[in-house]
Amino acid sequence: MARKKSALGRGLGALIPTGEGASGSDGGGGAAGTLREVPVGNILPNPRQPRAGINPETLEDLANSIREHGLLQPLIVTQIEDGAVGERFQIVAGERRWRAARRAGLETVPVLVKETTPQAMLELALIENIQRQDLNPLEEAEAYQQLVNDFGLTHDEVARRVGKSRPAITNTLRLLALPEAIRELLMTGKLSAGHARALASLGKASQMMDVLEIVQRRGLNVRMTEELVKAVQAGKPIAAAPRPATSRSASPEVALEARFRDALSARVSLMRGRRGGKLVIYFKNDEDLEHLYSVIVGEP
């Protein structure tokens, strides 16, 4: 029997009702909530928001769009206060849109009011950012770790809730063990997530830094970095690191392979010929295959 996926695993689309069922309860503990207009000033941000910062330029672009077209998608909020000072709500998902709406000068915004828990608030905020690709790899890893630490979830449970494979969660969490110097390179985009994941599998900070030096000095791509890491783990000297062939390393195929690897979290081979070529994507087990299907087809 196929495993039934939770609303979280199906993404935000399953959490925002449309049509006639957009208001009221669904009677079965599902996604439906109350759709209404709420003053912007009565809404507070999510303290568990996994994204550390919001790009001011993209925020202004969104604010300009909201000024012209309005806020097309409601925020998801939960009510936290209903007293003498009036109703107050906390954002579950949609903080970037809320900030842009404030910048655009909106007095009220459409919201979907739902009863939720701190765990669900973190999960929904995480899912929204993942689907919009708003999180850098370290922010994503820290949010997964929060689900593990604060709510006692296993890697398998985290994977089911965010619609990813268990290996993808585990590999992302390994990034938190990176030395600060490597984390900074990853945060600033000077090191790719593929390189960082390969380095993180070493476990020892001193080995990571030694291998990083070779990677940077020789300009190793992700595949070569993975090969070097395996060699180090097998006890071979770092000096035996592979040297990229000039013609191959400078080719567009290598850059495309690296981009595919980062996007799919999988080993990829790209080969071109006179009449086209082929792209080979490798997977180890059914979980990896399910993850690849989710990423490529867009159906968690």
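**View 1. Salt bridge between Lys-164 and Glu-140 in the predicted model.** The closest N and O atoms of this pair are 2.9 Å apart; a salt bridge here is a side-chain nitrogen of Lys or Arg within 4 Å of a carboxyl oxygen of Asp or Glu. Lys-164 sits in the loop between α5 (155–162) and α6 (166–173), and Glu-140 in helix α4 (residues 137–151), so the pair links distant parts of the chain, 24 residues apart. Helices (H or I, at least four residues) and strands (E, at least two) are DSSP runs, numbered from the N terminus. Lys-164 is partly exposed at 27% relative accessible area, whereas Glu-140 is buried at 12% (buried, under 20%; exposed, over 50%; partly exposed, in between; 1.4 Å probe, protein chains only).

**View 2. Salt bridge between Arg-36 and Glu-87.** The N to O distance is 2.7 Å. Because Arg-36 belongs to strand β1 (residues 34–39) and Glu-87 to strand β4 (residues 86–93), the contact ties together parts 51 residues apart in sequence. Arg-36 is partly exposed at 30%, and Glu-87 is partly exposed at 24%.

**View 3. Salt bridge between Glu-180 and Arg-183.** N and O lie 3.8 Å apart. Both residues are in helix α7 (residues 180–187), three residues apart, so about one helical turn separates them. Glu-180 is exposed at 57%, but Arg-183 is buried at 16%.

**View 4. Network of Glu-60, Arg-67 and Arg-103.** Salt bridges with shared partners join these residues. The whole structure has eight salt bridges.

**Notes.** Residues are numbered from 1 along each chain as its sequence is written, and side-chain values use heavy atoms, without hydrogens and water. In this predicted model, local features need pLDDT of at least 70 and side-chain atom pairs count only at pLDDT 80 or more, while totals for chains, interfaces and linings use all residues.
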